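Welcome! Take a moment to look over the molecule below, and then we will walk through it together.

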Amino acid sequence: MTEVVEPIYERALDFLRSGSAFGGLVPEEHTTHAARVFVAGSVAIKVKRPVSYAYLDFSTIENRRAALERELALNRPHAPAIYRDVVAITEDDSGVLALGGNGRPVEWVLRMAAFEQADILANRMEQGLLPDTTVKALAEVIARSHAQAPPVSGGSSAGSLERVRASLAEGLGQLPQAFDRAAVEAWSKAAKAALANAREVLDKRQHAGFVRRCHGDLHLANIVLREGAPVLFDALEFDEALATIDTLYDLAFLIMDFDARGHRSEANLLLGQYLWASRARDDLEGLVALPVMLSLRAGIRALVTAQRAFAQRDSAGRPGGEPDRRAWQRYFTAAEDYLAPA
């Protein structure tokens, strides 16, 4: 990762931190790998970080503006009460910054409605089980979002998942301090065989229109309860290929997330209600591919968790960044187990 912070970008951050964009209220600041979010009162403002990874490039103001506008376009249909508009931080001739002023744009932000962090489903799960009614409602919301997404033709769903497997195996293999090489090779071989076994079904699903522009990052930290109803937010906006996927692969991330948190009954309820809501025979036939989809999702989470931990070493040189420094191993064990279902 590279991050080049120019002076004008720092001034824009200081402007947001000052509370000038929030009617004088000093906001809370939250930082993710690619964005900063400032929250005060009923308003939240997101600004992209000037970072460049192998899979995204927010290093220029033009790229950051385009990403914010794409994020607004993707999320507003499903969360209109949260996503408002993209607006510029401007600078006038005297050097004064303003939100949506008449001067030249020096940075772009996404303006949203704030919500309580406690209402994010990942945080709700930490406090106890979600009611069955919420899980069922969530399945219905996801099924509707998939039904509304237009099918995407071309390419190969099986081929795309095979590329994910190959890339994942390579990434896991580059962290021998976290993952045993022999175990990674065995997992990769088993996943490749499972994908080959599911290829006919995956191709049939693609021809039937089940490859769509999905949420792409569908896990419990990207779902919030608003007036008691689950709302999807923060869809993956920076890579169309990563989010143009089989609808069951989109759902698999959330099923895996429930299961990894020790809530398999909720995962099972979510899947069952989704199948009932979709009423698609192709989804029932597609279950032959679900184990390997779950395995890929768990493997990706294992890799990302390990990469972040080893990128944040403590003073003794030990991996940090996770309350449980072996969390990545639990995900990798899950990836193995999904390929050998009971």
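## Overall shape

How does the radius of gyration of the protein chain compare with that of a compact globule with 342 residues? A compact globule with 342 residues would have a value near 20 Å, and the protein chain has 21 Å, which agrees. Please keep in mind that this is a predicted model.

Along the principal axes, the C-alpha atoms fill a box of roughly 65 × 50 × 45 Å.

## Contacts and burial

Of the 342 residues in the protein chain, 49% count as buried. Among contacts in the protein chain with a separation of 6 or more, 65% are between residues 24 or more positions apart.

## The nonpolar cores

Now for the inside. The largest nonpolar core has 81 residues, and those that touch the most other members are Leu-138, Ile-142, Phe-179, Trp-187, Leu-254, Phe-258 and Leu-270. Helix H11, residues 290–311, supplies the largest share of this core, with 11 residues.

Leaving aside residues up to four places away in sequence, Leu-270 touches Val-135, Leu-138, Ala-139, Ile-142, Leu-251, Leu-254, Ile-255 and Phe-258. Another core, of 17 residues, lies apart from the largest one and includes Ala-12, Phe-15, Phe-22 and Val-106.

## Surface and charge

The accessible surface of the protein chain comes to about 16,300 Å², and carbon and sulfur atoms account for 51% of that. The protein chain carries 39 positive and 45 negative charges, whose mean positions are 2 Å apart.

Conventions: Residues are numbered from 1 along each chain as its sequence is written. This is a predicted model: local features need pLDDT of at least 70, side-chain atom pairs count only at pLDDT 80 or more; totals for chains, interfaces and linings use all residues. Side-chain values use heavy atoms; hydrogens and water are left out. A nonpolar core is a set of buried Ala, Val, Leu, Ile, Met, Phe, Trp, Tyr and Cys residues joined through side-chain atoms within 4.5 Å. Buried means under 20% relative accessible area, exposed over 50%, partly exposed in between (1.4 Å probe, protein chains only). Helices (H or I, at least four residues) and strands (E, at least two) are DSSP runs, numbered from the N terminus. Contact means heavy atoms within 4.5 Å. The radius of gyration is taken over C-alpha atoms; the globule rule is 2.2 Å times the number of residues to the power 0.38. Accessible areas come from the Shrake-Rupley method with a 1.4 Å probe; for residues, only the protein chains shown count as cover. Lys and Arg count as positive and Asp and Glu as negative; His and the chain ends are not counted. The place of a charge is taken as NZ of Lys, CZ of Arg, CG of Asp or CD of Glu.
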